[in-house]
Amino acid sequence: MNIGINCFNVNPNYSGGINSYTFGLLDGFSNCSTSHKFQVYVNNLNRKLFEKYQQVHHFEIIEIQAPAVKKIIRMAAFSSMSELVYKFTSDVLYKNVANLMDSKSDIIYTPTTFLFPFNFRRTTVISMHDVQQFHYPEYFSKTELLNRRIHSNLSVKLSRYFQASSEFIKLDLLENFKSLKQNQIVVINEGVNIKTFSVPMDTSSIILKYQLPNEFLFFPAQLWFHKNHITVLKALEILKRKFNLKIHLVLTGAKSSAYDQIFNF
């Protein structure tokens with residue numbers, strides 16, 4: 001079987017859960033022994049991220065051009081706030097992209113939350129990682145909420161199957177998208193490459209670079225509100241105040257979203 005992995009929307013300037021999930025999945029597929037062939041669809045802006053897969057015998061890296069003018073027109077259609085207008089415009093602009101994937105793959109899998117393009121003829125599968133906009137709308141701007149509404153609604157309408165990483169996510173999808181059926185969502189838990197985390201590493205340069213203490217609590221996550229950094233800070237403050245226990249905390253992530261609240265806590 002020819003399995004298309006749609007990485008067209010992988011952002012090369014982003015470091016976070018979706019990208020970690022995508023590349024972890026590709027690493028797993030690249031290391032498995034299989035008769036299946038994988039077509040990895042990338043764009044001219046993110047192709048460098050996928051160069052290590054060039055030599056994998058059952059992988060084919062297929063570059064799709066992403067002209068800026070198409071994105072500008074698509075964003076203009078998005079500003080109409082209409083799903084129909086946005087879908088029609090996207091279908092016209094990216095018809096050749098969908099046709100190319102359809103011609104080379106038997107199934108199209110999108111690991112990056114939302115289906116795009118929308119007009120595939122082949123069976124489509126997506127991993128919709130969360131629908132937090134329904135639970136924490138206050139964490140998003142009006143534009144971000146509109147983006148999630150349009151893309152999630154179109155993804156639900158036009159995708160055949162969904163991968164959920166837990167039963168909770170499956171139930172959340174069914175609760176918030178009434179048109180979905182139980183048999184459309186398959187729970188496949190996310191894996192961890194134990195070997196990667198078992199290999200001893202020389203961390204002296206990192207410790208020196210960031211002047212880290214000998215002992216610390218490490219919180220590897222983007223600084224999104226829903227990651228609950230504030231709750232961790234409150235807990236550490238209680239430990240310090242009540243038990244005189246001072247624990248160093250090391251965070252990762254870009255200076256966005258909850259950054260100001262975290263560092264002004």
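How many residues of the lining of the second largest pocket are nonpolar, polar and charged? The residues divide into 9 nonpolar, 2 polar and no charged. This is a predicted model, in which local features need pLDDT of at least 70 and side-chain atom pairs count only at pLDDT 80 or more, while totals for chains, interfaces and linings use all residues. Residues are numbered from 1 along each chain as its sequence is written, and side-chain values use heavy atoms, with hydrogens and water left out.

**The second largest pocket**

- The second largest pocket holds about 370 Å³ of space. On a 1 Å grid over the protein atoms alone, a pocket is an open set of points where a 1.4 Å probe fits, with protein on both sides within 12 Å along at least five of seven lines. A volume is the space filled by probe spheres set on the points, which are joined across faces, edges and corners.
- Ala, Val, Leu, Ile, Met, Phe, Trp, Tyr, Cys and Pro count as nonpolar, Asp, Glu, Lys and Arg as charged, and the others, Gly among them, as polar.
- α8 (204-210) and β9 (249-251) each supply at least two lining residues, and the largest share, 3 residues, comes from α8. Helices (H or I, at least four residues) and strands (E, at least two) are DSSP runs, numbered from the N terminus.

**Helix α2**

- R74, A77 and F78 are buried in helix α2 (residues 68-78). Buried means under 20% relative accessible area, exposed over 50%, and partly exposed in between (1.4 Å probe, protein chains only).
- These three residues cover an arc of only 105° around the axis, so they lie on the same side of α2. The arc is that of the directions from the helix axis to the C-beta atoms.
- The face turned away from the buried side carries the exposed residues A68, V69 and I72.
- α3 (83-93) and α5 (142-158) are among the elements that cover the buried residues of α2.

- E83, in helix α3, is buried at a relative accessible area of 14%.
- The side chain of E83 makes polar contacts with those of N153 at 2.8 Å and K157 at 3.0 Å. A polar contact is a pair of N or O atoms within 3.5 Å; within protein, one must be able to donate a hydrogen and the other to accept it, and residues adjacent in sequence count only if both atoms are side-chain atoms.
- Q222 sits in the loop between β8 (217-219) and α9 (229-243) and is buried at 12% relative accessibility.
- The side chain of Q222 reaches the backbone nitrogen of A254 at 3.0 Å.

Methods
On a 1 Å grid over the protein atoms alone, a cavity is a set of points where a 1.4 Å probe fits but cannot get out, and a pocket is an open set with protein on both sides within 12 Å along at least five of seven lines; lining residues have an atom within 4 Å of a point. Contact means heavy atoms within 4.5 Å.
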